[in-house]
Amino acid sequence: MKLAERIVRRWKGLPPARCEVEASRVWVPATDGARLATEILRPKGSPARGVVLVRSERVGAHPVATLARWLAEDGRTVVLQQCRGRGDSEGKFRPFLDEADDALATLAWLDGEASLAGPPVLFGLGYSAWTAWSASAAATERGTPIAGIAAGFGARDPYAWLYPGGVLQQEAALALAARLDGRNGHEPDALDWERAARAFDTACDRVALRELEAYREWIDHPRPDDYWRARTPAAPAATIPRLYVSGWFDPSLPALLAEPSPGKGEEVRVCLGPWGPTALARRDREGKTDPLGVVGESLLAFVARVVGAAETRPAPARVFVVGEGWREFADWPPAAAETRTLRFGASDPGEAGDAGDAGDGVLQTEPAAESTHFDFVHDPAAPPPACGGVSYSQPCGPASLDRVGERGDVLTFTGPPLTEPWVLVGPVEATLFVEARDPEAPWCVRLAAVDANGESRWLAEGVGLEGDEGRVEVSLGAVGVRVASGERLRVLISGASVGRYARAERRTPEPRALHVGATEASSLRVPVLGTIGRG
């Protein structure tokens, strides 16, 4: 191994390589005769210790290829295959459609090769994570054994991935469709995100790059219909070990965490870090959080466990708590976390009614004695923008939400200063009771922490549509963060977060109302571990 490669492994926190790697290229025949370009990475001079199958849409150098090489240097044989119609593979690439059949053909080919036989581990990130789930479902249906699944930064259910809460994640959908476009795809930085944010969802691909075939199909199916059901593989069998990797600022996080969790009787592990589609601003980085290194550590440990029967069993949940560092838990969400309900109210119910004044709305633990409502007007022509959090067009992470909270079309509810630190680890959810002229109008909820100087920073965000009796259930994903003593929690409610979510195709301003108080108790639920770490 070259000196530079040894330095990189050490810098990433990985142990020294066990062996050199030799690579060879083969063609694997699909059932329709198309040849799939496949690279085999083998440990040189030593017997392989298990097989890992990676089916990827990526072409050239990319993180999946780097992790595949690290697995081979750890003594595994890695089969790295390009999806049909991508790179050198033959055929036409149809996202989320042909992977099961091609995976079965590849598994059958592996079984016919003496040096590659045996239950493989399926691994992938992003779209290739979905190919791993698809391969697992197809293998289960055919009775083909699988050693385990390692999936990161992608979800098994593509609708839940792209339409959280029933609303299109515009940036995430555009970025994925661009990456899946044609034979080689486009990286997210090739898109004009500023122009995309100004466009409705039916035109934003054209102004950002060009018309994208996959994106066109997705926006034609805004509800979970047969189109999406045909593209959602069955959940893996409970007996198959799994590793899930994601980040607090990754668009697929809520959908990924909807999968079976550790501590529920299945061998599932999760690794959650402060990661997203773009790098965090330098001021927000802390500790050992390089995504490639941490994911590499978790992946090597997981594969060692499921194919090598390693004696040490990694913790079921490895989570980075912002402000605390890495923590390990016996389950996910942590059973020790207490769900606390914070209710929206008015400091003076008789004066409630206007948006844009952070002093009007309060967060309180007790139900209000009286019911009231907050009114605002959502203007689709000038909607509230996204800011920080999950983003492709700006740095991910805890950006300031001060400007958003000052807008006249954003309701804000602020709690009292905390008398002790709260460590929030786990899912965050909100329930709203609303009135809107259009029941298809989205409701965006953002959670922020407000420091002693009054500056608010993004913690979590979600969106939802109105259900029965004016009720909106919103998942804000999950958090891992320490909110210090003296800081306050704040919730911001609006009709948009452009361009994380698609801009509504409405032309006229729309009055809306949020009901709070005794009978219609709009509220937020947060997971609090208590006072751990620094005081």
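The model is predicted: local features need pLDDT of at least 70, side-chain atom pairs count only at pLDDT 80 or more, and totals for chains, interfaces and linings use all residues. Residues are numbered from 1 along each chain as its sequence is written, and side-chain values use heavy atoms, with hydrogens and water left out.

**Exercise 1.** Describe the salt bridge of Arg49 and Asp74.

Step 1. The N to O distance between the two side chains is 3.9 Å.

Step 2. Arg49 lies in the loop between strands E2 (35-43) and E3, and Asp74 in the loop between helix H2 (63-73) and strand E4 (77-82), so the pair ties together parts 25 residues apart in sequence. Helices (H or I, at least four residues) and strands (E, at least two) are DSSP runs, numbered from the N terminus.

Step 3. Arg49 is partly exposed at 31% relative accessibility, while Asp74 is buried at 8%. Buried means under 20% relative accessible area, exposed over 50%, and partly exposed in between (1.4 Å probe, protein chains only).

**Exercise 2.** Characterise the salt bridge of Arg512 and Glu510.

Step 1. Their closest N and O atoms are 3.2 Å apart.

Step 2. Arg512 and Glu510 are both buried.

**Exercise 3.** List the contacts of Val319 (heavy atoms within 4.5 Å).

Step 1. Leave out residues up to four places away in sequence.

Step 2. Val319 then touches Trp248, Leu272, Gly325, Trp326, Arg327, Phe329, Trp332 and Val425.

Methods. A salt bridge is a side-chain nitrogen of Lys or Arg within 4 Å of a carboxyl oxygen of Asp or Glu.
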